[in-house]
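Hi,

Here's the model I promised to pass on.

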Amino acid sequence: MTPRPPLSPWPCVVAKAVPHSQQLKHVAQLAPAPCRWNSGLPMNIGVLFVPQQEAWVVERMGKFHRILEPGLNFLIPLLDRIRYVQSLKEIVINVPEQSAVTLDNVTLQIDGVLYLRVMDPYKASYGVEDPEYAVTQLAQTTMRSELGKLSLDRVFRERESLNASIVDAINQASDCWGIRCLRYEIKDIHVPPRVKESMQMQVEAERRKRATVLESEGTRESAINVAEGQKQAQILASEAEKAEQINKAAGEANAMLVKARAKAEAIQLLAAALSQQHGSAAASLSVAEQYVNAFSKLAKDSNTVLLPANTGDVTNMVAQALGIYTTLTKPQAVKTQDETPPGHEDPQPATMEMLKAEQSSSS
């Protein structure tokens, strides 16, 4: 068995050999049928081996007889004839570039790639004359109709939905041909130069808009952050001042309590000292000394000075101070005399005489 050339997946009409003169005579009248590549059909020698993923359509005396499956097959020579050879592999077809008008009246140049497979060799052989040409034309017309439903912006955004729509339309029409379209992909979309320039200007304007929006948002965020920082700073400062005032008040309160306790203890100690023997004389001497010290500092602490009428009579001033003290302590002295047992004498007169003698000597 002699080797045969590669088989075409599409039916090709095999013309009889004619002389060269007749070919030149009828060259303008005869148009070759569309075919993927030039090849001849296998000859019937009785025993045939069909390759994998191929289907051979056999006619007996000009009528469809059967389809040969891959492997060993037997035919009757002269009666049986292999009419079509169909490839069951997935076939890739380039859809030529074509022009289409979108919904917003923009003319586009678009091409694509079509992937299909023969599902029924009988329908692919007898349902259509040239399946490849028919599917290509159907893909082009469907693509034009689908592009006419979309605007230019949606064409770029919805390429997947556009491909799916074209596949569905092709499968509905090619079902009677025994061919199934697996997928369709748009390769290139070419727009007019002016439209391309306007699209670039639109993109640049959109980018400038986004940059301006982002810059304004950054400025707003910055202002918000600064205001929030100032707010937090004021809150912290007020809390610090509040804590400082609370601590200061607590310190002053503690100091006042300590002073009050100290003063109370001093008063208790003074009262205890006064209740002892000769306590009244010591108190009188202390009052006289304080009076003299206060009178000597009176002109130093203030510009306004209030002086008594007899400033030179120190004895009289001391006597006045002692009289005030005697008046204040008289109830306590009466109580002390009542509590003093008989035979106990108060040495206060002697003390008074000693103070008068000291004052006279000093004057």
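The structure holds 7 salt bridges, counting a side-chain nitrogen of Lys or Arg within 4 Å of a carboxyl oxygen of Asp or Glu. This is a predicted model, so local features need pLDDT of at least 70 and side-chain atom pairs pLDDT 80 or more, while totals for chains, interfaces and linings use all residues. Residues are numbered from 1 along each chain as its sequence is written, and side-chain values use heavy atoms, without hydrogens and water.

One of the bridges joins Arg-117 and Glu-90 (4.0 Å, N to O). Arg-117 sits in strand E7 and Glu-90 in the loop between strand E5 (80–87) and E6, so the pair ties together parts 27 residues apart in sequence. Helices (H or I, at least four residues) and strands (E, at least two) are DSSP runs, numbered from the N terminus. Glu-90 and Arg-117 are also linked with Arg-183 in a salt-bridge network.

Now the inside. The largest nonpolar core has 31 residues, and Leu-114, Ile-170 and Tyr-184 touch the most other members. By nonpolar core I mean buried Ala, Val, Leu, Ile, Met, Phe, Trp, Tyr and Cys residues joined through side-chain atoms within 4.5 Å; buried is under 20% relative accessible area, exposed over 50%, partly exposed in between (1.4 Å probe, protein chains only). H3 (131–147) is among the elements giving two or more residues to this core, and H3 gives the most, with 6.

A second, separate core of 8 residues includes Leu-48, Trp-56, Leu-68 and Leu-75.

Cheers
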